[in-house]
Amino acid sequence: MNVKNDLRLIALSVGTAVCAVNSQAQSTLLHYDRPAQYFEEALPIGNGNLGAMVYGGVTEERLSLNDITLWTGEPDRKVYAPEAYKAVEEVRKALFAEDYKKADELQRRIQGHYCENYQPLGTLTMTLTGECGKTADYRRTLDIASAVSDVKYNTAHQSVVSEYFASAPDSVIVMHYRADAKNGKGVGTRVFTYHCQLPHTVQAHGNEMIVDGYVAYHSLPNYVGEQEKFFYDSKRGVHFRTIVHVENKDGNVSVANGDQLVLENCTEATILISNVTSFNGSDRDPVTEGRDYKNDVRRRIDAAKALAYDELKRRHVADYKQYFDRFTIDFGKTDDAIAALPTDQQLFKFTTENQRNPDLEELYVQYGRYLLISSSRTEGVPANLQGLWNEKILPPWSCNYTSNINLEENYWLAETCNLSEMHNSLIGFVKKLPVTGVQTAKAYYGVDKGWCLGHNTDIWAMTCPVGLNGGDPMWANWNMGGAWVSTHLWEHYLFTQDREYLREVFPTLKGAADFCMAWLVEHDGKLMTAPATSPENMYVTTSGYHGRTVYGGSADIAMIRECLTDARDAAIVLGGEKEYVSSINAVLARLMPYRIGKKGNLQEWYHDWEDEDPRHRHQSHLFGLFPGHHINVAQTPDLAAACKRTLEIKGNKTTGWSTGWRVNLQARLHEGEAAYKMYRTLLSFVHPDGYKGSDKRRGGGTYPNLFDAHSPFQIDGNFGGTAGVAEMLIQSSVDTKGVTTIELLPALPEAWKAQGSVSGVRVRGGYEVSFSWKNGKVTDYKVVPVNRKKGKVKVIKC
């Protein structure tokens, strides 16, 4: 790899002007030639709080609706197992006696309750009765450059166009229906019906439907036994009100059966949908301290209906584009014949015929940005396992915040891809975690310093290890969530250089680091964790025992090393913390070092044991390579080589989110071809019926609507894939002297070498970068300070 360095003092900008990106419409448009049959074919819209899946039906259209604050449960105010910590010392004794079976059994005593379930709001159906006839020229699209979906088709009597968007400035979902009828009058009757899986009532009056309902005050995940999963009480839990309002230009609106709206002979109408829940914060009772949700939703609808449709759309598009238009990417142009195909067919041929389709590859990158803008704009409520979109009352894994990779992966793209504001939903949530995290540290681990987080959390910011004393320790007992998620606090600072923000979040970051230092124990002359687990993975001892619990797990130490380094560096920036900085440095010097196994791999376990599944989807012990920063090809080449060998052993067939992670890992290793292979694997077509292979957990890919297939759908793979492409094109770091190093094209694959460009990408140190390349070489670049006036930047053109 040829490397050229530039070290300059950045005042306003560096480099020559970058050629304007040739933005192809195809790289921001999903388009289909038929209505959606499955959820994984429907098109998502969202304003960061409200969301809908648009199916685009003709005789029956349906919008499945979500509110990101609609969760079962109440504030987590009671410690489930206040004396669980007493088992910790027994587990340690078993571990150091090499009795791993006993340690696994004892671990179940260090478990608390499960998280709550994210709930679907409801489904609005619009059924067409009367004359319709055959349709022709059907087209269903989602333009992610404007965040507007539309459906168009012709019948013998009229041409129909429906547009859909979720407006953030006006807090409504909007559907606009227009029919250009040959006789000048609307054809047919549309009946609006609301379906909801939750306890609810529907009343229709005039041109509105009002839905009132509530969710369970407690629920269990779908994978917990056969017992009752939901516990309802109309005086407890989150309540909600949904209003559906119809503004018709002509024709008539009437009420049927007291709970339906009927739209007759109408050529144009605007349907407004809004919802507000009583959720008012993770620490407030949603009934006694809840939001004034009924009046709030009324105000939203009244304000929106006072605006003409064109004004609603203008406001929505302007608001959305202020974020989306910051970043562009171009890998070249797709052949016109391929680009003309519907998106699902393009994806299928990309998979089965290995077609070249740079527009599709660009589209996937921008789609990740679209999804984050659409699902992460609610203060303190981050995007969940499915972002915002969920139709199931018992969704997979509760549609929760899984903190051993998935929650964090959702936000890997936020800073680099110029959506820093979207990171705030996660950061606000992390600041809430210490409320219960301090209690969890004391009750479950006997640690009276700092806070921690287990495997799962939810909108109530619960932190305890899950399992109800029956969960498998390989996932239930992991306690490094605080160490991992708190690294996002420092990352946000590195990109924004906002010291006031850093001062505000430092107590949270410090608390996570404090727990880590207090949780460490000394063994064989080094500091390590005991007990430890490596998320969801199992080992096989030399005697043949398949275990979960260990001492000296590499994943724990990787996350602790990163968390402590971040806390130390934050303390240095803020000043006045010399003693604290010294204490962290002393701990870092004594941490258990990485080990390289007999196969040349980075050891996951203290002993050089085999994995039960050598191709396991999790690669948590590679955390230091990515998303961490303390392993890299330049400064730790031996460890980087061991990481590379680990990935070779694991292979390329894994779940969607894991595939996204491996794109990033290979990019950090500067392995462009390997990263690209994983990216193409991520874009493998998966039919909505599900993966047909024998092992669904190795069936990752992409559904027809470009949702990530775990399978089933999890949005983290989308976000991880977008971040991975950015990581292939640009990497950055800031050293102790404040010099920012920017690597351009560190992992450029052969498929993208001919020419390309990126604009508006953000790097650590507070800069925005645009650059272009040809024949694999950077031709132009521009570095602009965003949140600083000047600074030193080292640019490496790989």
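Student: Which residue in S19 does Arg 178 stand opposite?

Tutor: This is a predicted model. Strands of a sheet pair through backbone hydrogen bonds, either parallel or antiparallel. Here Arg 178 stands opposite Glu 268 in S19. The strands S10 (residues 172–181) and S19 (residues 268–277) run antiparallel and are joined by 6 bridges.

Student: In what order do the strands of the open sheet with S10 and S19 come?

Tutor: The sheet has 9 strands, in the order S2-S7-S8-S9-S10-S19-S16-S13-S12, and the pairing is antiparallel. Its edge strands are S2 (29–32) and S12 (200–205), each of which pairs on one side only. From one strand to the next, the twist averages 10°.

Student: Which strands does helix H3 lie across, and which does helix H4 lie across?

Tutor: Helix H3 (residues 293–305) lies across S10, S13 (208–214), S16 (239–248) and S19. Helix H3 runs at about 155° to S19. Helix H4 (residues 309–324) lies across S8 (148–154), S9 (158–167), S10 and S19. The angle between H4 and S9 is about 45°.

Student: How should I read the open sheet of 7 strands?

Tutor: The order is S3-S4-S5-S6-S11-S18-S17, with antiparallel pairing. S3 (43–46) and S17 (252–256) are at the edges with a single partner strand each, so one side of each has no neighbour in the sheet. Ignoring direction, neighbouring strands of this sheet are turned by 20° against each other on average.

Student: How many bridges pair S17 with S18?

Tutor: S17 and S18 (residues 260–264) pair over 5 bridges in the antiparallel sense. Within the pair, Asn 252 stands opposite Glu 264 in S18.

Student: How do I read the packing of H14 and H15?

Tutor: Two packed helices are described by the angle between their axes and the distance between the axes. The axes of H14 (residues 487–496) and H15 (residues 499–519) come within 10 Å and cross at roughly 170°. Angles over 145 degrees count as roughly antiparallel, and that makes H14 roughly antiparallel to H15.

Student: Which residues of H14 and H15 meet?

Tutor: From H14 the residues are His 488, Leu 489, Trp 490, His 492 and Tyr 493. They meet Arg 499, Tyr 501, Leu 502, Val 505, Thr 508 and Leu 509 in H15.

Student: How many aromatic pairs does a search of the whole structure find?

Tutor: The search finds 39 aromatic pairs. One of them, Tyr 223 with Trp 475, is edge-to-face, at 6.2 Å centre to centre and 80° between the planes. Tyr 223 lies in the loop between S14 (218–219) and S15 (230–231), and Trp 475 is in helix H12 (residues 473–476), so the pair ties together parts that are 252 residues apart in sequence. Tyr 223 counts as partly exposed because its relative accessibility is 34%, whereas Trp 475, at 18%, counts as buried.

Student: Why is the pair of Phe 707 and Phe 713 called stacked?

Tutor: The ring centres of Phe 707 and Phe 713 are 4.0 Å apart and the planes are at 5°, so the pair is stacked. Phe 707 and Phe 713 are buried.

Student: Which residues do ring pairs link into a cluster?

Tutor: The cluster consists of Phe 331, Tyr 364, Tyr 676, Tyr 679, Trp 752, Phe 771 and Trp 773.

Student: Where does the charged end of Lys 510 sit?

Tutor: Over the ring of Tyr 580, 4.6 Å from the ring centre. Likewise, Arg 595 lies over the face of Tyr 606, at 4.2 Å from the ring centre.

Student: Is Asn 400 buried or exposed?

Tutor: Asn 400 counts as buried because its relative accessibility is 2%. Asn 400 is in the loop between H7 and S21 (401–402). Leaving out residues up to four places away in sequence, Asn 400 touches Trp 71, Cys 115, Asn 384, Leu 385, Asn 456 and Thr 457. Trp 71 is 329 residues from Asn 400 along the chain, and their C-alpha atoms are separated by 9.5 Å.

Student: Where is Gln 355 found, and which residues does Gln 355 touch?

Tutor: Gln 355 is in the loop between H6 (343–352) and H7 (358–375). With a relative accessibility of 16%, Gln 355 counts as buried. Not counting residues up to four places away in sequence, Gln 355 touches Ile 338, Lys 349, Phe 350 and Arg 680.

How values were computed:
Residues are numbered from 1 along each chain as its sequence is written. This is a predicted model: local features need pLDDT of at least 70, side-chain atom pairs count only at pLDDT 80 or more; totals for chains, interfaces and linings use all residues. Side-chain values use heavy atoms; hydrogens and water are left out. Helices (H or I, at least four residues) and strands (E, at least two) are DSSP runs, numbered from the N terminus. Buried means under 20% relative accessible area, exposed over 50%, partly exposed in between (1.4 Å probe, protein chains only). Contact means heavy atoms within 4.5 Å. Rings of Phe, Tyr and Trp (its six-membered ring) pair if their centres lie within 6.5 Å; planes under 30 degrees apart count as stacked, over 60 as edge-to-face and the rest as tilted. A charge sits over a ring if NZ of Lys or CZ of Arg is within 6 Å of the ring centre and within 35 degrees of the ring normal. Two strands pair if DSSP finds at least two bridges between them. Axes are lines fitted to C-alpha atoms, for helices over the stretch in contact, and angles run from 0 to 180 degrees between N-to-C directions. Angles under 35 degrees count as roughly parallel, over 145 as roughly antiparallel, 65 to 115 as roughly perpendicular and the rest as oblique.
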